[in-house]
Every structure is written in structure tokens, then in C-alpha cells.
Amino acid sequence: MTWSAQIGFPILSVITFLPLAGVLLMLLFGRGRPAVYKVISLVVTLAAFVLSIVMLVALDTKAPGMQFVENFTWIKALNIHYGMGVDGIAALLLFLTTLLGVIVILGSWNYVKDREMGFFISLLLLQVGMAGVFCATDLFLFYVFWEAMLVPMYFIIGIWGGPRRIYAAIKFFLFTLVGSLLMLVAIIVVVYYVKDNTAGGLTFNIQELSRQVYTYHLQFWAFLAFFLAFAIKVPMFPLHTWLPDAHVEAPTAGSVILAGVLLKMGGYGMLRFCLPFFPDAAVTFIPYIVVLSVIAIVYGALVSLVQKDLKKLVAYSSVSHMGFVTVGIFAAIAVANNAAGMEGAILVMFSHGLLTGALFLMVGYMYERTHTRQIADMALLARPMPIMAGFFLFFVFGSAGLPGLSGFVGEFLSLLGLFVYSHWLAAIAATGVILAAAYLLWMFQRTMFNDRGDEDVRPAAEGLRDLGVREILTLVPLVVLVIWVGVYPNTLLDFLHLPVQEILHRVTPSLQSAQAHGVAQLVDAAKGLF
Amino acid sequence: MEGTQYMKIAVALIVLLPLAGFIITLLLGKRLFRARSHILPVALVTVTAVLSVYAFEWVVRHPDTAFVWNAFSWVAAGRFTVEWGFLVDPLTGIMLLVVGIIGMLVHYYSIGYMKDDPGYYRFFAYLNLFMFAMFVLILANNYLLLFLGWEGVGLCSYLLISFWFRKKSASQAGKKAFLVNRVGDFGFTLGMFLIFVTTGTLQFTGVFDKAEMIGSGTLLWICLLLFTGAVGKSAQFPLHVWLPDAMEGPTPVSALIHAATMVNAGVYMVARSYPLFVQAHTAMLIVMIIGTFTAIYSAYIAITQNDIKKVIAYSTISSLGFMFMALGAGAWAAGIFYLFAHGFFKGLLFLCSGSVIHAMGGEQDMRNMGGLRKKIPITFWTMLIGAIALIGVFPFAGFWAKDEILGSDFSGGYYVVWAVGIVTAFLTAVFAFRLIFMTFFGKSRASEEVQRHIHESAKVMTIPLVLLAIPAALLGILVGWPPDTGWIHTFLQPVFFDVEREKFVWVGVGGGLMVFSVAVALLGVYVAYVMYIRRTELPGRLAARLPVAYEASFNKMYMDQVYEVVPIRSTIAFAGWLWTFFDVKVIDGAVNGLARLWELLGERLRPLQTGRVQNYAFSIFAGMLVLVVVLAWVWGS
């Protein structure tokens with residue numbers, strides 16, 4: 001469905017590029033006037049957020065394919081289009097992006113002291129890139145947004161980050177770049193394969209490309225290239241080591257966006273490209289990916305347990321939680337009729353964005369007060385800051401997967417999907433849920449409660465101010481959503497049924513043929529690979 | 001069906017009122033309500049208690065129809081669907097009475113007990129949240145919603161155990177409770193997965209309808225996994241270690257959550273899953289064995305504890321073991337009967353201990369008490385009733401339930417279990433009256449200062465004691481008469497539909513066992529009397545004579561130490577190794593090594609860029625030569 005039929009204005013482009021307009025306004029009127037450029041950033045992100053709600057409401061969850069589609073020829077010679085459009089999955093992630101966009105602007109209101117306008121500009125540019133990634137329906141456009149997003153993030157870490165910011169920024173950049181270059185090669189291969197072998201000719205349209213049939217040989221390598229790019233973003237074990245460094249050095253806003261949106265692009269990419277483009281290869285790789293994901297769940301949780309730095313702890317916990325995403329996606333295609341796993345995985349993506357975003361935000365608020373992120377330097381913060389402790393407790397339990405809050409439903413469904421695939425792997429992965437409670441509650445006890453003996457201990461810094469109105473405002477929407485999703489996840493699930501079905505329809509024949517041919521096909525395929 | 005719309009309203013209010021109380025009190029309590037924070041929560045809980053009685057009465061009027069209400073869809077993903085659905089049947093009816101009435105009384109009691117605490121509003125907010133979660137747990141009509149309540153009460157338990165979070169021991173105990181329960185919930189979760197994969201639903205009726213079609217191996221796994229959850233929540237061996245520590249919480253919490261309601265959730269869940277368990281004989285056997293072992297094990301620990309609350313805590317574990325023993329032996333109704341009675345008398349015992357602690361200015365060590373009988377008479381008499389009910393002396397509440405359980409062990413042919421039960425009953429009598437004698441009799445061992453301030457608690461605390469003492473005394477004879485065919489059996493018949501009931505024989509095995517067990521209990525009281533009143537030097541001499549037996553009991557069988565070393569320290573050590581070696585050295589080492597490799601390569605290649613034109617010209621020439629050779633070879637072949 002096109003935008004003109006649905007809503008009357010190209011809503012996706014407006015949402016995507018509003019922040020860019022904000023940047024222009026800031027450059028024109030905001031120089032040296034903090035009040036002006038902050039208000040501009042807040043207004044444009046708020047507007048984008050409101051529009052994304054409008055978009056969610058207007059989206060028809062019963063209609064197949066892309067919606068609010070915009071399509072203009074961009075580079076005629078290569079048949080590249082400026083193509084925008086969303087399905088239910090992309091719409092939810094776009095909503096999450098704009099929501100966190102507002103929250104980080106509000107949350108960083110007084111955070112940076114140095115080159116402040118540049119910081120806000122970077123945040124807005126980052127949002128343009130992220131929104132574009134979720135909206136693009138043209139592979140070339142997707143790639144442009146994908147790469148464009150790297151630059152502001154690189155600056156956010158590299159300029160406004162902590163002491164080892166350069167190391168972290170370069171590490172982040174190189175990891176992602178390795179993945180994206182592989183993806184670029186695969187994109188070219190795929191596009192030219194279609195050009196040479198079909199009547200349609202050269203096209204970059206994602207929908208079109210995902211309907212083609214590729215040889216197994218091509219699928220195998222292209223899948224690996226795409227998958228690697230997304231696996232680095234997720235990040236999957238053992239490609240995760242950029243994440244703790246990036247998080248520790250990044251300013252609060254950077255961490256929130258990184259955990260809240262950037263990681264989700266990995267899962268999104270797998271759903272949008274790896275599965276529909278290369279279903280046969282995807283089926284081949286199921287066992288390896290599932291096992292790596294289960295390792296990630298348990299490994300991430302174990303390593304979180306022993307972290308001394310709050311941000312590192314939350315970063316490793318992300319590795320663990322994102323394991324539920326990849327496990328849900330690939331378990332869902334491993335067994336017929338297992339859509340619950342994939343819907344759960346997407347739910348985990350959304351919920352992790354809310355909860356981990358909130359946790360990073362709160363760690364940032366604590367850092368602004370105590371000037372430390374070392375768990376050992378904190379204690380009994382609940383006494384001077386009860387409101388802070390209350391919110392923190394809420395998000396800690398949300399992250400630990402308490403039923404009734406957003407984390408539970410997604411993890412439950414994703415694990416259920418895995419259980420259908422393999423009982424024993426599900427049992428191993430479920431220990432991650434025990435460990436999650438362990439590292440989160442232990443962390444909470446050490447920071448907010450007392451773990452130092454029965455004497456009253458005092459926190460390192462005196463006279464700590466509790467959360468202010470602005471800070472509470474950044475957390476309340478997250479609280480509301482976490483509860484909403486926990487109590488009535490159908491609001492989100494309704495968006496997912498159809499896109500998930502479409503993906504599964506695409507993969508099911510591959511699964512069936514793989515099941516019919518079993519190992520023999522794999523061996524044949526492996527012979528033809530080189 | 002008549003009256004279901006009223007039932008819907010009642011059920012909705014039972015769930016929502018405490019939730020509203022929690023939210024409002026949490027938001028406004030600190031600034032607005034302050035010392036009046038209790039008014040709203042107490043009022044709301046009173047209303048829910050009335051509504052619980054109404055719902056119970058509805059069940060009594062409709063013995064053959066369960067009230068089922070699917071309010072709205074909770075999760076619908078793929079084939080997986082779960083509702084916010086509620087069920088009221090006789091089993092729920094009993095639980096509603098226990099939770100509603102004891103919950104209300106504990107709320108009233110807390111007004112006095114928590115007076116002047118800086119966290120007054122917080123306490124009542126949490127209590128209301130607990131009521132919400134507990135009601136969801138018992139009203140749910142599917143496993144997932146039950147699990148929501150299950151984890152919800154776990155959260156409240158955490159919050160209330162850690163209530164005085166400035167104490168390390170309290171914050172430690174709260175964490176421990178939640179984590180140990182998580183281990184049990186791990187099993188529960190897998191059990192739910194297996195149920196769903198096998199039957200395609202998590203709704204009780206849907207699952208139970210298919211119970212007979214499930215393969216016996218799968219069914220055994222389902223039952224054992226569910227039971228793992230119950231072992232955690234109902235503090236059975238080996239996951240019982242959190243409950244004694246949970247006594248760090250304020251005493252009303254111990255009474256409500258850790259004696260009368262939440263800890264029964266495991267028993268309730270197993271009883272709810274009756275159609276599954278009844279088909280899995282091995283699972284029942286395991287339930288019985290774990291229950292029986294836990295019963296005697298914790299009773300043995302209780303006899304040497306000096307902290308008044310710890311004694312009652314171990315007694316609670318032992319009682320819960322009794323309930324599982326009953327369920328496992330097939331005495332389903334008797335197990336629930338015991339749960340019903342136990343809620344009242346154990347709640348009473350805890351509240352009395354709270355009143356004692358209050359009177360003693362916070363002292364919990366029984367070695368520093370004594371002679372309180374005259375000074376706090378209401379507490380003394382009500383606690384005495386609670387103790388008699390606990391040890392099961394005719395005609396108090398515990399008597400009827402306990403003897404039904406022991407009787408069915410015997411008639412079921414589980415003679416060893418019966419014998420262990422009798423020994424447990426003896427130990428129970430000893431530690432219960434050891435507590436009574438050490439606390440209320442003899443000379444006061446408290447300091448002068450403390451003695452001067454001993455006072456009976458306020459009316460708001462003593463009235464709940466009296467109100468609980470009545471059912472503790474009379475409930476058994478009211479609902480359990482005549483044994484094995486009393487009202488409660490008829491009432492629960494629709495739930496435990498397959499259980500065969502034998503008529504109780506007064507003159508014969510049944511009556512004989514009854515007399516015997518009462519005699520054993522009275523013997524226990526006599527032993528306690530001799531040891532703690534007549535010859536007070538005896539316990540010390542006995543401990544010196546049997547050091548191993550004494551130390552093992554006193555140190556709680558060293559279970560905490562075992563857990564500290566095996567799972568906790570080894571996990572942390574392993575995790576530390578994973579991080580500092582595997583993550584940092586191996587994985588990241590490889591990453592940085594790769595980067596270093598490129599750097600070195602660059603360093604090595606740098607001399608090539610000499611900046612001298614002759615060198616470049618040579619390179620170009622060499623390159624051309626190679627190219628020509630390669631091309632010639634390619635074309636040639």
C-alpha cells in the first residue's frame with residue numbers, strides 16, 4: 001500500500017528526516033544558544049515520535065507486504081530507487097527508535113559540557129540513519145543508511161566518550177565495517193545474479209530480491225556474509241567483544257541508543273535478509289546458530305555475574321538477552337509451525353530496547369551523582385535516593401524476566417520455540433534466566449542495599465540528590481510501556497503475525513526439502529561449495 | 001448460570017483492589033498519607049476479604065459447577081494462546097478463605113506492629129501488592145497466569161524480606177529467597193513447556209482433559225518439573241534454605257507470606273495438578289518421599305534453634321512437608337485440609353511471636369526470655385492454642401488434619417512414612433512446647449532494662465490474635481468431623497474426583513492410630529516440660545553427650561555451607577575465569593592480535609615506500625613482467 005492511499009503524506013520520510021531538518025535549524029539559529037538548540041532537538045524528536053505513533057495506529061496489521069510505501073527513481077542507470085516502506089516488524093522498531101530518540105535528548109539535557117551542540121547534532125543524525133535503516137525498501141538505500149549511521153555513532157563515542165574512547169570507537173567502527181563490507185560484496189553478487197538470471201533485470205528492491213530463487217552455492221556464501229554483518233551487530237558470541245568496550249566508553253545517550261536500537265538492527269537484518277533471501281542456507285546453519293546463541297545466553301549471563309563496572313555488567317547482559325533473539329528466530333524456522341519462537345524473539349528485541357535502554361539511562365544518572373560506575377564504590381544508595389532505587393528495582397526485575405513485565409513474554413516464547421526444537425538446549429538456555437536474576441539482584445543489592453556487614457554503610461559521595469522531574473519524565477514512558485507489553489503483549493504481537501508468517505512461508509519449503517533429503521543434501525552441497 | 005455476573009465483578013475486584021491500593025499508596029504514601037498510609041490498604045483488603053467469603057459461599061451454593069471466566073487474551077503468538085482467565089472451584093474457594101481472611105487480619109495487626117517505622121507506607125504498599133499477586137495465583141485458570149502470580153508473590157517476598165535493607169542480613173536474605181525460588185521456577189518453566197508441547201494448551205481444563213492420553217514417561221517428567229517449582233516455593237528439601245533466612249523480614253510478613261499463604265502455593269499447585277499427578281505413580285512417590293524427609297529433617301533442626309522465629313520457620317517447613325506427604329500418599333483432601341488449618345494456626349503462632357518480640361523490645365533469642373505468661377497474657381493464651389493446634393491434640397485444628405494424613409499413610413501401606421510421621425509429630429510437640437516453656441514459663445532471663453518495658457501489645461494486634469485463635473481451635477472439628485468423610489471431603493470431592501474414600505472406623509485401626517498419635521504428642525509435651533521446666537540442666541548435658549547430633553541440628557545440617565561452596569563459589573570462580581581469561585585473553589586477544597598483525601604487516605611493508613623514483617620504476621617494470629608471464633600462461637592453456 002502506498003502512502004497516498006493510506007495517510008495522505010509520506011509519513012516515513014517525514015519521520016526519518018525531521019531530525020535532519022532540526023539539524024539545519026540548529027545550525028541556522030542555535031549557535032551558542034543552548035536553550036534554542038536543545039529545544040529544537042526536543043521538538044523534532046518529539047514530533048517524530050508522535051508521528052510514529054500515528055503511523056502505528058494507521059498501519060493495517062491485516063495487510064500483507066510493505067505499507068506507507070514511497071518509491072522514486074534515484075539512480076536510473078542502476079535502477080536504484082528511493083524506496084521507503086514498513087511492515088509490522090519495521091514499524092515497531094521505528095517506534096522504538098523515535099521513542100528512545102526523545103528520551104536520550106531529554107536524558108542528555110545537562111550531560112555534556114564540551115561542544116554540546118555537536119553532541120545533539122550527532123544524536124539527531126544518528127536517528128536519521130537508524131530510522132532509515134528500518135524504513136528502506138531498496139537495498140542500496142538500506143546500505144547507505146546502514147553506513148551513514150556509523151559515522152555519528154563513531155563521533156559520539158570518540159569525542160564525548162570516556163578515557164579509552166578512541167580505542168573503543170575504532171574497535172566499534174572496524175568490527176561493524178568488516179561486517180558491512182562483506183555484506184556489500186554479497187549485495188553486489190545477489191543483485192547481479194538476479195540481473196543475469198531473471199527477466200526482471202537489475203533491481204535493488206528488497207521485496208523483489210527476496211522472492212528470487214538463488215543457487216545453493218550462492219546462498220551459502222551470501223548468507224554467511226549477510227549473517228556475519230548482522231551477527232556482529234547483535235552481537236553474537238564470539239563476536240561480542242566490541243560491545244563492552246563501546247558501552248563503557250560511550251556517553252549515556254550513546255549506550256542507550258547502542259543497546260536500544262543498534263543491536264536490534266542485527267536481529268532485524270536477519271529477519272529481513274538472511275531468512276527470506278537465503279532460506280536453504282538458513283536452514284543449513286540452524287544448529288550452529290542455535291548452539292552459539294545458547295552459549296551466548298549462558299556465557300553472557302555468567303560473565304555479567306563477575307563484572308565490577310555497572311555498564312560492563314549491563315553490556316554483557318545484553319549479549320545474554322540478545323541470545324534469546326537469535327535463538328528464537330532460528331528455532332522458529334527449524335520446526336514447522338513454530339511461529340511463537342520468532343514472535344517471541346521480536347518481542348525480546350523490543351523489550352530489551354526498553355529495559356536495557358532504561359538501565360543504561362539509570363547507570364548514567366548514578367554516574368552523574370557519584371562520579372563512578374564501579375559497583376564496589378557504591379552502597380546503600382536507596383537511602384539518599386529512594387525514587388532512583390524504586391525505578392532501578394523496576395527495571396532490574398523487568399530485565400530479570402518477571403512475568404507481567406515486558407521481558408517475560410518474549411523470553412518465554414523464544415524459549416518455548418527452542419524447546420520445540422530441542423528440549424535439552426532449552427533447559428540449558430533456561431539457566432540463563434536463573435543467572436539473570438543472580439547478576440541483577442546481586443548488582444542491585446551491592447549498589448542500592450547493603451552488602452558490607454551489619455554496620456550502616458555510607459555511599460561514597462555525600463548529599464546525593466534524588467532523581468529530578470526531567471529524569472523521572474525520561475523513565476516514566478519506559479515504565480508504562482514495560483508494563484503494557486507485559487500485561488497485554490498482543491498490542492505488539494498483532495503487528496507481528498503477518499510479517500512472521502510471510503517469512504516462515506518463505507522458509508518452510510526449504511525446511512521441508514532439507515528434512516526430506518537429510519544429510520545427503522548437505523554433503524552434496526558441501527562438495528559444490530568450492 | 002445464576003449470579004455469574006456478580007462473580008465476575010467479585011473476582012475482578014478481588015484482584016484489582018489490592019493492586020490499586022499498592023499503586024496509590026506507593027505514589028502518595030510518602031508525601032500525603034504518611035502515618036495514615038494504612039487506611040486505604042487495610043480498607044481495600046477488608047473489602048476483598050468480604051468478597052473472598054462471597055466467592056467461597058458461591059462455590060458452596062454451586063458445588064458442581066466451577067466458575068470460569070476468560071477476561072481477555074494475554075498472549076497470542078502462533079499456536080500459543082493464553083488468557084487472563086480465572087477459575088473458582090472448591091480448591092480455590094478454600095485458598096480464598098485462607099488468603100482473604102488471614103491477609104486481612106495481618107494487615108490490621110501490622111498497623112500496630114509497624115507503627116513508627118520510617119517505611120510505614122512502603123510496607124502497606126508491598127502487602128497490598130502481595131495480596132494482588134497471591135489472588136492471581138489462586139484464581140488463575142492456566143499455568144502461565146498462575147506463574148505470573150507465583151513470581152509476583154516471589155517479588156513481594158523479596159521486597160518484604162529485604163524491607164529493612166540497611167541490614168546486610170536482610171538484603172542478603174531477600175536475594176537468597178528470590179534466587180533459590182528461581183531454581184525451582186526453572187523446573188516449573190520447563191514443565192510448562194513440556195505441557196504445552198504435549199497438550200497444546202496451558203489452560204487447566206484443557207490440559208487435564210488430555211491427562212490420560214499423555215505418555216507415562218512424559219507425564220512423569222511434567223510432574224517432576226512442576227514439583228521442582230513447588231519444592232522451591234514451598235521450601236522443601238533441598239531448596240528449603242531460603243525460608244529460615246526469610247525471617248529477616250518484619251514478623252507480619254513471616255506470618256502472612258512465609259507461613260499462611262505464599263509457601264502453600266507449591267502445595268496448591270500440586271493439588272491443582274491432581275489429574276496429572278494421580279496418573280503418575282512414581283511422581284507421587286517422589287512427592288511423598290521428599291515431603292516426608294523434609295518433615296522430619298526440619299523438625300529435627302527446629303528442636304535446637306534459639307531464635308523464636310527460626311523455630312516456627314523450621315516448623316513451617318516441616319508442616320509443608322506433611323502436606324506433600326499427604327498429597328503423595330493420595331490423601332489429597334487431607335493435605336488441603338492441613339493447609340487450611342495450618343494457615344490459621346501457623347499464622348497465629350507467627351503473629352504471637354511478633355507480639356512477644358514487640359514486648360521484649362526486639363529481642364528474638366528465647367534464651368533471653370522466660371516468665372512472660374503473666375505479663376502478656378493474651379499473647380500467651382493465644383500462642384498456647386496455636387501450639388496445641390500445631391502438635392495435634394484433640395480437639396484442636398491440627399489434630400484432625402494430621403491424623404487423617406497419618407491414618408492414610410498407614411492404610412495406604414506406607415508404614416515407614418507413617419513411622420517417620422509419628423516421630424516428626426513427637427519432635428514437633430517437643431520443639432513447640434520448648435518454645436512455649438522457654439518463652440512464657442520459668443524466671444525471666446531478660447535484662448532489668450528490658451523487663452521494665454515488657455507490655456502487652458495494643459488492641460489492634462491482640463484482636464487479630466484472638467480472631468485467629470478461634471479457627472485454630474475449632475476449625476478442625478467444624479470442617480473435619482467426622483474424619484475422612486467430613487464436610488471438607490465432600491466439598492473438595494469435585495476437585496479430587498477420583499479419590500476413593502474409606503469410612504473411618506472409630507473402634508479399630510483408625511481410632512487406635514488416633515489415640516496413639518495423641519499420646520505421642522503428649523509425650524513430646526512432657527519431655528519438653530521435663531527438659532525446660534523441671535530439669536533445665538538436661539538439654540545442655542544431652543548436647544554434650546551427643547555432640548555430633550546436636551551440632552548437626554544446631555547448624556542446620558550445614559546446608560548453607562554446602563551451597564556456599566558448591567554452586568555459589570564455584571560458579572563465581574568459573575565465571576571469573578570465563579571473563580578474565582576466555583573473554584579478555586582468548587577472544588579479545590585474538591581480535592587485538594589481528595589488529596596488531598596488520599600493524600606489523602604495515603610496518604614491514606613501509607620500507608617499500610622509499611620515495612625514490614628509481615625503486616618505483618623498478619617495481620612497475622617487475623609488475624609488468626609478472627603480468628605478461630601470467631597472461632601468456634592463461635592464454636596458452
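## Salt bridges in chain A

R164(A) is partly exposed, at 45% relative accessibility (buried means under 20% relative accessible area, exposed over 50%, partly exposed in between, with a 1.4 Å probe and protein chains only). Its salt-bridge partner is D245(A), at 3.9 Å from N to O; a salt bridge is a side-chain nitrogen of Lys or Arg within 4 Å of a carboxyl oxygen of Asp or Glu. The two are 81 residues apart and link distant parts of the chain: R164(A) sits in the loop between α6 (139-160) and α7 (165-197) of chain A, and D245(A) in helix α10 (residues 242-249) of chain A. D245(A) is buried, at 10% relative accessibility. Salt bridges with shared partners join R164(A), K171(A), D245(A) and D588(B) into one network.

D87(A) and R272(A) form another salt bridge, with the closest N and O atoms 2.9 Å apart. This pair also links distant parts of the chain, 185 residues apart: D87(A) is in the loop between β2 (80-86) and α4 (88-107) of chain A, R272(A) in helix α11 (residues 252-277) of chain A. D87(A) is buried at 8% relative accessibility, and R272(A) is buried at 10%.

## Basis of the model

This is a predicted model, in which local features need pLDDT of at least 70, side-chain atom pairs count only at pLDDT 80 or more, and totals for chains, interfaces and linings use all residues. Residues are numbered from 1 along each chain as its sequence is written, chains are lettered from A and ligands numbered from 1 in the order in which they are written, and side-chain values use heavy atoms, without hydrogens and water. Helices (H or I, at least four residues) and strands (E, at least two) are DSSP runs, numbered from the N terminus.

## Salt bridges overall

Over all chains there are 21 salt bridges. One of them joins R569(B) and E564(B), whose closest N and O atoms are 3.5 Å apart. E564(B) is partly exposed, with a relative accessible area of 33%.

## Nonpolar surface patch

I378(B), I463(B), V466(B), L467(B), I470(B), L474(B), I477(B), L478(B) and W481(B) make a nonpolar surface patch of about 800 Å². Patch residues have over 30% relative accessible area and no salt bridge; like charges are joined within 9 Å, and nonpolar side chains (Val, Leu, Ile, Met, Phe, Trp, Tyr) within 5 Å. Helix α20 (residues 459-480) of chain B gives the largest share, seven residues. L467(B) lies in this helix and is partly exposed, with a relative accessible area of 43%.

Key:
Areas by Shrake-Rupley, 256 points an atom, 1.4 Å probe, with all protein chains shown as cover.
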